[in-house]
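Here's a quick briefing for anyone opening this structure for the first time.

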Amino acid sequence: MRLIRWLAALLLAIAAAIALGAIPVPVGSRAAADGQDPVRIYVFSNGFHSDIVLPHRDGETLSRLDLAATDFPVDVRRVRHWAVGWGSRTAYTSLRRVVDLTPGIVVRALAFDRSVMHVQPFGEITGGEGAYAFDISPADYDRLIAGIRRSFTDDTQPIADITQGFGDRFYHAKGRFSAIKGCNVWTGRRLREAGVGVGLWTVFAQSLEFGLARTAVAHSEIR
């Protein structure tokens with residue numbers, strides 16, 4: 001009987017966590033209220049990890065993150081966006097697909113693993129599954145950039161010999177990864193700071209996506 005009660009409590013806690021992440025927090029449309037041209041950002045989610053995608057803006061975005069274009073082995077003149085994410089160093093460097101997930105990776109990642117920032121260049125974005133677009137005001141974009149910059153350590157030199165092979169780079173980050181403070185929680189926090197209405201505790205990618213789908217620009221409008 002005690003086991004049944006424990007399992008019931010666990011299921012109730014999981015359901016509450018999903019609800020907290022799935023129900024978008026109401027926010028105003030500050031892009032329209034400010035009367036300024038909005039800045040389009042994206043969120044990419046692959047079902048277990050999420051990234052915030054920022055416009056290149058002629059190098060302004062990298063500069064405001066204290067990153068150097070020379071960090072990346074790509075022709076930066078062809079870059080249009082930068083995907084930025086926070087997460088477990090073990091998971092980032094060991095996982096390419098969901099099928100790569102092993103119990104060992106899970107244990108190491110959840111045992112308060114060191115965190116890293118991952119930055120990857122992209123060209124034009126035309127939408128697609130797992131891509132969510134948002135138009136935010138310049139003021140909210142400033143808050144978003146500031147929040148992301150705070151997640152890096154003061155040393156913004158790329159970590160040597162670590163890459164996923166897509167012109168990307170890893171950097172040391174603040175904080176430790178855990179089961180209750182993972183990559184999707186980080187994404188949700190940064191988005192809320194920028195006025196994007198996502199759930200209060202987006203511990204699960206599916207909860208985050210549920211909220212994103214209800215507040216994002218319609219897929220037919222993504223160009």
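## Around helix α7

Just past the end of α7, Gly195 has a positive phi of about 85°. Keep in mind that this is a predicted model.

**How covered is α7?**

- Most of α7 is tucked away, with eight of its 11 residues buried.
- The buried set is made up of Cys183, Asn184, Val185, Trp186, Thr187, Gly188, Arg190 and Leu191.
- Several elements do the covering, among them the strands β1 (39-45), β2 (50-55), β3 (81-88) and β4 (114-122).
- Helices α6 and α8 are also included in what covers those buried residues.

**Where α6 and α7 meet**

- A pair of packed helices is described by how far apart the axes are and by the angle between them.
- Here, the axes of α6 (residues 138-151) and α7 (residues 183-193) come within 8 Å, and they cross at roughly 145°.
- That crossing of α6 and α7 is right-handed.
- On the α6 side, the residues in contact are Arg143, Leu144, Gly147, Ile148, Arg150 and Ser151. On the α7 side, they are Trp186, Arg190 and Glu193.
- Sorted by class, this contact between α6 and α7 has three nonpolar, two polar and four charged residues.

- Side chains with opposite charges can pair up when their charged atoms come close.
- Because Arg150 sits in helix α6 and Glu193 in helix α7, the pair ties together parts that are 43 residues apart in sequence.

**Other salt bridges**

- How many salt bridges turn up in a search of the whole structure? The search finds 10.
- One of them joins the side chains of Arg57 and Glu60, at 4.0 Å from N to O.
- Arg57 is partly exposed, with a relative accessible area of 36%, and Glu60 is partly exposed too, at 31%.
- Asp75 and Arg77 make another salt bridge, with their closest N and O atoms 3.0 Å apart.
- In that pair, Asp75 counts as partly exposed at 34% relative accessibility, whereas Arg77 is exposed at 67%.

**Val217, after α8**

- Val217 belongs to the segment that follows α8 (205-215).
- Is Val217 buried or exposed? Val217 is buried, because its relative accessible area is 15%, under the 20% cut-off.
- Setting aside neighbours within four places in sequence, Val217 touches Arg40, Ala133, Phe134 and Asp135.
- Tyr132 is 85 residues away from Val217 in sequence, yet the two are 7.1 Å apart in space, C-alpha to C-alpha.

Notes. Residues are numbered from 1 along each chain as its sequence is written. This is a predicted model: local features need pLDDT of at least 70, side-chain atom pairs count only at pLDDT 80 or more; totals for chains, interfaces and linings use all residues. Side-chain values use heavy atoms; hydrogens and water are left out. Helices (H or I, at least four residues) and strands (E, at least two) are DSSP runs, numbered from the N terminus. Buried means under 20% relative accessible area, exposed over 50%, partly exposed in between (1.4 Å probe, protein chains only). Contact means heavy atoms within 4.5 Å. Axes are lines fitted to C-alpha atoms, for helices over the stretch in contact, and angles run from 0 to 180 degrees between N-to-C directions. A crossing is left-handed if the near helix is turned anticlockwise from the far one by less than a right angle, and right-handed if clockwise. Ala, Val, Leu, Ile, Met, Phe, Trp, Tyr, Cys and Pro count as nonpolar, Asp, Glu, Lys and Arg as charged, and the others, Gly among them, as polar.
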